[in-house]
Amino acid sequence: MKALFLDVDGTLALGGNSIGKAIETTNKLGSSDEFDIFITTNNTSLGYDETKEKLSKLGLKSENFELINPELVFRNYLLSLSDSLDILIIGTESLSKSIESYYKPKQHSKRVVLVGFDKELNYGKLVEAGRYLEAGASFWTLHQDSFCPTEYGRIPDAGSIAKLLELVYDSQPSIDFGKPNELYCEYVKTIVPRYENVFLVGDRLNTDISFGNRLGLNTVLVLTGDSSIEDISLAITPSCIYEDINIFYSDLLNIKDDNDPSFTHRKRLN
Ligand SMILES: [Mg+2]
């Protein structure tokens, strides 16, 4: 059995549109007995369930994949804590409702500012976050992507919102729940041993590829989003590079021998 860990923005889709037949092929692979699909997006602009719904609207059939996003890792972390927290969420209404559905603060809770991909950010929220931080609240981020690639270009993401707070309040996030950081990797590490072969496909070197490399996976960089060949450094090197995920899929389906060493060194650029 093989597993595919797939990023979404810049890998499977741009904006609301599949990159070529990426979504269709992912469904085919997910419904086969040969592959399990894990969607490893860092996008937290929606709560967990609404993220799944959005992926369904994109065409990914929910029975064909499991979603591992920073909110899931955050939720898992909360369960491990004995302290009660008063969490100020810098996030969309969808994200806030999702978190509030499973977490209720108690009196005298420790204060935390949690930053996500807040597409509804306003000045009042930033000021309130500042009040928390100045009163000694912990500073956590769901993920630290500075921007999200769309069909129109880059838009500011959670990492940029956190940077703004860092700059004003001279405070650094102490915990991050997204790729490529420790808690995310720890979560995924529990899944990897179930499979003989695991491929990680993503468009971003410093999140996707870095996270896959940390776990020793076959890492596939696609050039349809953030990173270009010029960005590759010795510090973060993917196992292979493809122009887009569709070409990778066609090679993946044509591999006769999973242990063929040439596969992991293949570079496909038409
Ligand atoms: Mg991406």
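I looked up the domain layout and found 28 Å between the centres of domain 1 and domain 2, taken over C-alpha atoms. Domain 1 covers 2-40 + 180-268 and domain 2 covers 83-176, with bounds from an automatic or database domain assignment. I noted that this is a predicted model, where local features need pLDDT of at least 70, side-chain atom pairs count only at pLDDT 80 or more, and totals for chains, interfaces and linings use all residues. Residues are numbered from 1 along each chain as its sequence is written.

Nine residues of domain 1 touch six residues of domain 2. On the domain 1 side I read one nonpolar, six polar and two charged residues; Ala, Val, Leu, Ile, Met, Phe, Trp, Tyr, Cys and Pro count as nonpolar, Asp, Glu, Lys and Arg as charged, and the others, Gly among them, as polar.

Five of the six residues of β12 are buried (20 or more other C-beta atoms within 10 Å, C-beta atoms being placed from the backbone). β12 runs parallel to β1 (residues 2-6), with five bridges, and Ala 3 faces Val 198. Pairing takes at least two DSSP bridges.

The Lys 179 to Pro 180 peptide bond is cis, omega near 0 degrees. Pro 180 lies in the loop between β11 (175-176) and α7 (182-189).

Methods: Helices (H or I, at least four residues) and strands (E, at least two) are DSSP runs, numbered from the N terminus. Two residues are in contact if their C-beta atoms, placed from the backbone, lie within 7 Å. A residue is buried if 20 or more other C-beta atoms lie within 10 Å of its own, exposed if 12 or fewer, and partly exposed in between; C-beta atoms are placed from the backbone.
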